[in-house]
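Subject: Structure for you to look at

Hello,

Here is the structure I said I would pass on. Please open it first, then read the notes below it.

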Amino acid sequence: FLRRPEEDGGPDRCAGGELGAGAGAAEGGEEGPPEAEGGPAGGKGKDGRKKTRAERNRIAARKEREAARSQLAQERRFAKQLENIDGIASEIDREEELYAARKRAKEMRPAAVPRLGKHKYAPEKVQVLATDEVDGSLRKLNASVALSYSVQNALQKKGLVEPRVVQRKPRKRRRPRL
């Protein structure tokens with residue numbers, strides 16, 4: 001009741017004697033169900049037999065009819081588009097006007113300052129002396145240390161330097177001595 005694996009090719013062997021070869025592949029040479037190849041490209045009829053000349057003629061005539069229908073439908077679409085060419089042209093003009101208006105609005109807006117670091121650029125308030133506050137000539141005014149701040153501010157506005165924010169350090173409380 002026990003057989004040796006060498007006698008019948010073993011439990012994992014197929015009829016062909018090779019691993020992985022199916023019994024159907026070794027016998028008939030066909031793979032998969034016959035209905036998968038039953039279409040026009042497979043060369044088989046509905047029941048798996050060879051197509052007759054009449055069947056092939058019917059298929060070819062059907063393909064020609066479908067191609068003619070699709071060609072006619074495409075010509076009708078083109079004809080409708082030609083009839084509606086004024087509407088299409090006006091729609092294109094409207095879109096171009098909208099695009100030009102958006103472009104003009106963008107040019108009118110001030111350019112945004114590029115954001116380099118963690119903080120957003122915030123322009124500082126300009127400190128200007130009023131005419132009644134100035135004593136004497138403008139040429140005799142002393143230059144203040146604000147010049148370096150104004151240069152730094154201009155560089156930050158152009159996006160060449162990262163905006164800096166003064167970091168507040170927590171004050172250390174001194175313990176009272178006893």
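Glu 55 has a relative accessible area of 18%, so Glu 55 counts as buried, the cut-off being under 20%. Side chains of opposite charge can pair when their charged atoms come close. The structure holds 1 salt bridge.

Next, the second largest pocket. Its volume is about 290 Å³. By class, 6 nonpolar, 3 polar and 3 charged residues line this pocket. Among the lining residues are Lys 120, Glu 124 and Arg 164, along with Tyr 121, Tyr 149, Gln 152, Asn 153 and Pro 163. Val 165 and Val 166 also belong to the lining.

The model is predicted. The average pLDDT of the chain is 77, and 74% of the residues score at least 70. Confidence is highest in helix 3 (residues 53–83), at a mean of 95, and lowest in helix 2 (residues 23–27), at 45. The pLDDT is below 50 over residues 20–38, a stretch that has 13 contacts in the model beyond near neighbours in sequence. Where pLDDT is low, the predicted coordinates should not be read in detail.

Regards

Key: Residues numbered from 1 in each chain as written. Predicted model: local features only at pLDDT ≥ 70, side-chain atom pairs only at ≥ 80, totals over all residues. Heavy atoms only, no water. 1 Å grid on protein atoms, 1.4 Å probe; cavity = no way out; pocket = protein on both sides within 12 Å on 5 of 7 lines; lining within 4 Å. Points joined across faces, edges and corners; volume = space filled by probe spheres on them. Nonpolar A, V, L, I, M, F, W, Y, C, P; charged D, E, K, R; others polar. Salt bridge = Lys/Arg side-chain N within 4 Å of Asp/Glu carboxyl O. Buried < 20%, exposed > 50% of the residue type's maximum accessible area, 1.4 Å probe, protein only. pLDDT = per-residue confidence, 0-100. Helix = DSSP H or I, 4+ residues; strand = E, 2+ residues; numbered from the N terminus. Contact = heavy atoms within 4.5 Å.
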